[in-house]
Amino acid sequence: MDRTWWEGQQVLQNLTSIGVPLIAAINGPATVHSEYALTADIIIAVEDSYFQDYPHLTFGIVPGDGIQTVWANAIGAYRTKYFHYTQQKN
């Protein structure tokens, strides 16, 4: 479990350490690791795309791989909690 947590943290740190502007292109629903797209400087998404944290609550897993931190920065702490607890689509 320690290795899984460490690798998850490394992915986010690597994404935020890229030295050039990063553009995320979302072509449909982003339901798994949507926090990766939210680390981009610019997000371009098709009209019917949405963000959701599907796997955590569905499989009884606590969202602790960075998604809660990135989402809190993107939409605020209270909306993030609601987003996670209800599996809301944003």
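For the counts that follow, Ala, Val, Leu, Ile, Met, Phe, Trp, Tyr, Cys and Pro are taken as nonpolar, Asp, Glu, Lys and Arg as charged, and the others, Gly among them, as polar. The structure described here is a predicted model.

**Pockets**

With that division in place, the residues that line the largest pocket fall into seven nonpolar, five polar and one charged. This lining is made up of 13 residues, and those that lie nearest the centre of the pocket are Thr4, His56, Ile61, Val62 and Asp65. Asp65, which is among the residues nearest the centre, belongs to a class counted as charged. Two helices, α1 (2-16) and α3 (54-58), each supply at least two residues of this lining, and the largest share, three residues, comes from α1.

The second largest pocket is lined by Gln9, Leu12, Thr16, Leu38, Thr39, Gly64, Gly66, Gln68, Thr69, Val70, Asn73 and Ala74. Among the elements, α1 and α4 (67-75) are those that give two or more residues to the lining of this second pocket, with α4 providing the largest share, five residues. By class, the lining of the second largest pocket holds four nonpolar and eight polar residues, and no charged residues.

| Pocket | Volume | Largest share of lining |
|---|---|---|
| Largest pocket | about 260 Å³ | α1, three residues |
| Second largest pocket | about 170 Å³ | α4, five residues |

**Surface and backbone**

Ile23 is found in strand β1, which covers residues 23-26. With a relative accessibility of 55%, Ile23 counts as exposed, because the class of exposed residues takes in values over 50%.

His33 is found in the loop between β1 and α2 (35-38), and its phi is near 55 degrees, a positive value in a residue other than glycine. The relative accessible area of His33 is 33%, so this residue is partly exposed, given that the class lies between the limits of under 20% for buried and over 50% for exposed.

Key. Residues are numbered from 1 along each chain as its sequence is written. This is a predicted model: local features need pLDDT of at least 70, side-chain atom pairs count only at pLDDT 80 or more; totals for chains, interfaces and linings use all residues. Side-chain values use heavy atoms; hydrogens and water are left out. On a 1 Å grid over the protein atoms alone, a cavity is a set of points where a 1.4 Å probe fits but cannot get out, and a pocket is an open set with protein on both sides within 12 Å along at least five of seven lines; lining residues have an atom within 4 Å of a point. Grid points are joined across faces, edges and corners, and a volume is the space filled by probe spheres set on the points. Helices (H or I, at least four residues) and strands (E, at least two) are DSSP runs, numbered from the N terminus. Buried means under 20% relative accessible area, exposed over 50%, partly exposed in between (1.4 Å probe, protein chains only).
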